[in-house]
Amino acid sequence: MFQIDGLINQVNCTESYDKSLLSITINTLIEKTKIDPITNCWLWTGENYGSEKYGRLKFLGQYKPTHRLSAHFFLKLDLKSKRKLACHKQECPNKNCWNPNHLYVGNHRSNMKDALAIGTRKPIHKIRGTKKGNCKHGVKDNCNQCRKEYMKIYNKKNYDRFFRPFFGT
């Protein structure tokens, strides 16, 4: 369990950084943080980016999302990895929270599952022939019935377009 007091001593990342750089970065994180007493979220009050209002902070000359920095420092997330993400747990409703207790290292699939579970993302069912990817049968994976309906329509259109002029039917 991470506590905001004495946070510098709780750093557990795979990279070795200069203590002064680490101290400055973590102190900046702490200075620009408001703790929500109800959710225990560490809410970033500094600069935000994106429509989701994720916090960001300059680290080693580049802007990094605060929750990703937190996961890097305390949960051993590799900052260079594009496949590993700093994901908010389903219990944490705030995107600008950087509390390591509310984060986990995951991938795109686990992040999308969480987004579906909490309702911040709508389900997508992509299959040719269904309107905008919505299956009317409620099937999550490939829907054979939708595929058959699509092929009927597709074949009829192609028959009408290509063969009717030749055969005059």
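Helix α1 passes helix α2 in a left-handed crossing, meaning that the near helix is turned anticlockwise from the far one by less than a right angle. The model is predicted, so local features need pLDDT of at least 70 and side-chain atom pairs count only at pLDDT 80 or more, while totals for chains, interfaces and linings use all residues. Residues are numbered from 1 along each chain as its sequence is written, and side-chain values use heavy atoms, leaving out hydrogens and water.

The axes of α1 (residues 19-31) and α2 (residues 66-75) come within 12 Å and cross at roughly 135°. Axes here are lines fitted to C-alpha atoms, for helices over the stretch in contact, with angles from 0 to 180 degrees between N-to-C directions. Helices (H or I, at least four residues) and strands (E, at least two) are DSSP runs, numbered from the N terminus. On the α1 side, Leu22, Thr25, Ile26 and Leu29 make the contact, and on the α2 side Thr66, Phe73 and Phe74 do; contact means heavy atoms within 4.5 Å.

Then there is the sheet. It is open, with 3 strands in the order β3-β4-β5 and antiparallel pairing; two strands pair if DSSP finds at least two bridges between them. Since β3 (48-49) and β5 (62-65) sit at the edges with a single partner strand each, one side of each is left without a neighbour in the sheet. β3 is joined to β4 (residues 54-59) by 2 bridges, the two running antiparallel, and Tyr49 stands opposite Tyr54 in β4. Helix α2 packs on this sheet, touching β4 and β5, and its direction makes about 60° with that of β4.
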